[in-house]
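This report covers helix packing, chain symmetry, interfaces and local backbone geometry. The structure is shown first.

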Amino acid sequence: MNSHAVYTILDLIGTFVFAISGAVAARQRRLDLFGIVVIAFMVACGGGIVRDVCIGAIPPAGLSNWRYLATALAASAVTILAYPQVRRLRQPVLFFDAIGLGLFAVSGAQKALTYGHNAELAILLGVVSAVGGGVMRDVVLSRVPAILEREIYASAALFGAAVQVGFSYAGWTDWWTPWFATLACMLVRLASLRYGWRLPVFQGRRAAETRDNS
Amino acid sequence: MNSHAVYTILDLIGTFVFAISGAVAARQRRLDLFGIVVIAFMVACGGGIVRDVCIGAIPPAGLSNWRYLATALAASAVTILAYPQVRRLRQPVLFFDAIGLGLFAVSGAQKALTYGHNAELAILLGVVSAVGGGVMRDVVLSRVPAILEREIYASAALFGAAVQVGFSYAGWTDWWTPWFATLACMLVRLASLRYGWRLPVFQGRRAAETRDNS
Amino acid sequence: MNSHAVYTILDLIGTFVFAISGAVAARQRRLDLFGIVVIAFMVACGGGIVRDVCIGAIPPAGLSNWRYLATALAASAVTILAYPQVRRLRQPVLFFDAIGLGLFAVSGAQKALTYGHNAELAILLGVVSAVGGGVMRDVVLSRVPAILEREIYASAALFGAAVQVGFSYAGWTDWWTPWFATLACMLVRLASLRYGWRLPVFQGRRAAETRDNS
């Protein structure tokens, strides 16, 4: 199996996992059938579409490659038909979501490099690929994006994308490098869940600040 | 009148109708003069700008063609000066909005095909052209996009775009095909309003889910 | 110092000021370290990224030029380390924000012209450069964008961008023209703050409208 096929398969697994998480959120908000499919597709492909527009990959693969849409439709169908089972999967979903996070961060960064862009753009757009869809879901459902308030999530994507870009700049393009970068991101994410790691929040003097905002 | 002129005129009628609906929503939220114009312009042109960016039509027509801005300004002026009359138009507005939906879905899908893209992209971006501006309006005004919770709206746009792409792939490019596709979208939308058609919502066991979300 | 260097320095000053305002808003919402940096970067670079995508400047400078990211990081660090001092700066922040507004409106419009686009696009994207990041901040933090409800802000950006485009079309490209346009925008903004200028809001009959919305 060549390297291109590997990236495609990884991408579709990540797409499926992210689409499931979108469909679950949409169903919980009681959106209709169309709303569930839209949110599932948005979570799975939204970040990649923004990445493609920014690197000049026109048209965006998420919109023109039928595999992504078909994967999002399949994930929506699974969520609707087997909702009680999917809902019981909280722990497995977090696990697969961590895999998807790593896959998207690494393949997103690699795609930006492949299009000839620099390391900064590759790392930033790796993160956008991985978390952009989730941010869109939260914005559309009118809630503050979870990644801005919660555990180490986008930071894990940043780490994975940086590892991949580092390998690429070091000239290490062995078959195992994307897998290693994906695993690095995934382990940081899972460890943060397991041990409750968080980034610092700066609380300040609450009363004083509240007065300030009024 | 050649076919290109027909598409331009259809597009401007759709722009006017959508801009009216944006200006009414902005005025109800008591935005100032500038806010009303911005929301009117966003509802009318936002979806088309996203479509143009995704198909590589740079610069987006909505930003560089003065006719769109002028139409949005005219719609804002009408809404401000004749608000009581416009507000009484609820039924007519829904009627014209259905026309706008069909026009934008069909002309958006056709533009993607004209730029050489495939059927999937054309249908998806036809829907984005038709409903994207409304979604932006709802996101900016901090409410869950109506199209995700309500009647058959985006689905009607999907139907119209698919009919247009179907004609195009079948090689039927007679003068009446875009009109037929527009009419198909419009009738689905109006019938859904008239007869209260809705897409299924999956309610599940409410209490259990509510506990889950907490 | 050549003209290109001038635009770069102006742009970085505007970036720093806008990033500070984003970091303050994020800290007040108790976002974590990553959230503060993301919002600071988004306010500072979001509008420019949208502008670059719309004029075909791929990749967007905000994502590929390390100076912007470094400036946003520096502004975040200042906000976190010296928060009490920054918070006391309300008046100075409004002053610097007015400078940033003028700088971004003028340099954004000029960049669109440099890429060969027309006056309308240049003015609209000058405004987007200046206010787009702030709108994204408000959308992500789930509040109605301040620019749609408040004082003369986006209108001042529109004025500055129009003055710059006017000079360019008149063939006046002396060294002082961008400074004059920036100053024009800044004075309109500061005067609106000083004298409480507002654009008209159309109140209508409140009770009737409220019934309508229900």
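In this predicted model, helix H2 (residues 33–55) of chain B packs on helix H4 (residues 66–81) of chain B at an angle of about 130°, and their axes are 9 Å apart. H2(B) is therefore oblique to H4(B). The crossing of the pair H2(B) and H4(B) is right-handed. On the H2(B) side the contact is made by Leu33(B), Ile36(B), Val37(B), Ala40(B), Phe41(B) and Cys45(B), and on the H4(B) side by Tyr68(B), Leu69(B), Ala72(B), Leu73(B), Ser76(B) and Ile80(B). Sorted by class, the contact of H2(B) with H4(B) consists of 11 nonpolar residues, 1 polar residue and no charged residues.

In chain A, helix H7 (residues 119–140) and helix H9 (residues 154–170) pack at an angle of about 140°, with axes 8 Å apart. H7(A) and H9(A) are therefore oblique to each other. For an angle to count as roughly antiparallel it would have to be over 145 degrees. The crossing of H7(A) and H9(A) is right-handed. H7(A) contributes Ala119(A), Ala122(A), Ile123(A), Gly126(A), Val127(A), Ala130(A) and Val131(A) to the contact, while H9(A) contributes Ala154(A), Ala157(A), Leu158(A), Ala161(A), Ala162(A), Val165(A) and Tyr169(A). The class count for H7(A) with H9(A) is 13 nonpolar, 1 polar and no charged residues.

In chain C, helix H7 (residues 119–140) and helix H9 (residues 154–170) have axes that come within 8 Å and cross at roughly 140°. This makes H7(C) oblique to H9(C). The crossing of H7(C) and H9(C) is right-handed. Residues of H7(C) in the contact include Ala119(C), Gly126(C) and Val131(C), and among their counterparts in H9(C) are Ala154(C), Leu158(C) and Tyr169(C). By class, H7(C) and H9(C) meet through 13 nonpolar residues, 1 polar residue and no charged residues.

| Helix pair | Crossing angle | Axis separation |
|---|---|---|
| H2(B) and H4(B) | about 130° | 9 Å |
| H7(A) and H9(A) | about 140° | 8 Å |
| H7(C) and H9(C) | roughly 140° | within 8 Å |

**Symmetry and interfaces**

Chain A is superposed on chain B by a rotation of 120° and 0.0 Å of shift along its axis, with RMSD 0.0 Å.

Between chain A and chain B, 33 residues of chain A are in contact with 33 residues of chain B. The area buried between these chains is about 2800 Å², and carbon and sulfur atoms give 60% of it. Arg30(A), Phe34(A) and Leu63(A) supply 26% of the area that chain A buries against chain B, more than any other three residues.

Only 9% of the interface residues of chain A are also interface residues in chain B, so these copies meet through different surfaces. The figure for chain A against chain C is also 9%, so there too the copies meet through different surfaces.

**Local backbone geometry**

Most residues other than glycine have a negative phi, and most peptide bonds are trans. Arg30(A), although not a glycine, has a positive phi of about 60°. Arg30(A) lies in the loop between helix H1 (3–28) and H2 of chain A. Arg30(A) is also one of the three residues named above for their share of the area buried against chain B.

Where in chain A is Pro59(A)? Pro59(A) is in the loop between helix H2 (33–55) and helix H3 (61–64). The peptide bond joining Ile58(A) and Pro59(A) is cis, with omega about -5°. In chain B, a cis peptide bond joins Ile58(B) and Pro59(B), and omega is about -5°. Pro59(B) is placed in the loop between H2 and helix H3 (61–64) of chain B.

Methods:
Residues numbered from 1 in each chain as written. Chains lettered and ligands numbered in written order. Predicted model: local features only at pLDDT ≥ 70, side-chain atom pairs only at ≥ 80, totals over all residues. Heavy atoms only, no water. Axes fitted to C-alpha atoms, helices over the stretch in contact; angles between N-to-C directions. Helix = DSSP H or I, 4+ residues; strand = E, 2+ residues; numbered from the N terminus. Parallel < 35°, antiparallel > 145°, perpendicular 65-115°, else oblique. Left-handed = near helix turned anticlockwise from the far one by under 90°. Contact = heavy atoms within 4.5 Å. Nonpolar A, V, L, I, M, F, W, Y, C, P; charged D, E, K, R; others polar. Buried area = accessible area lost by both parts, 1.4 Å probe. Least-squares fit on C-alpha atoms with pLDDT ≥ 70 in both.
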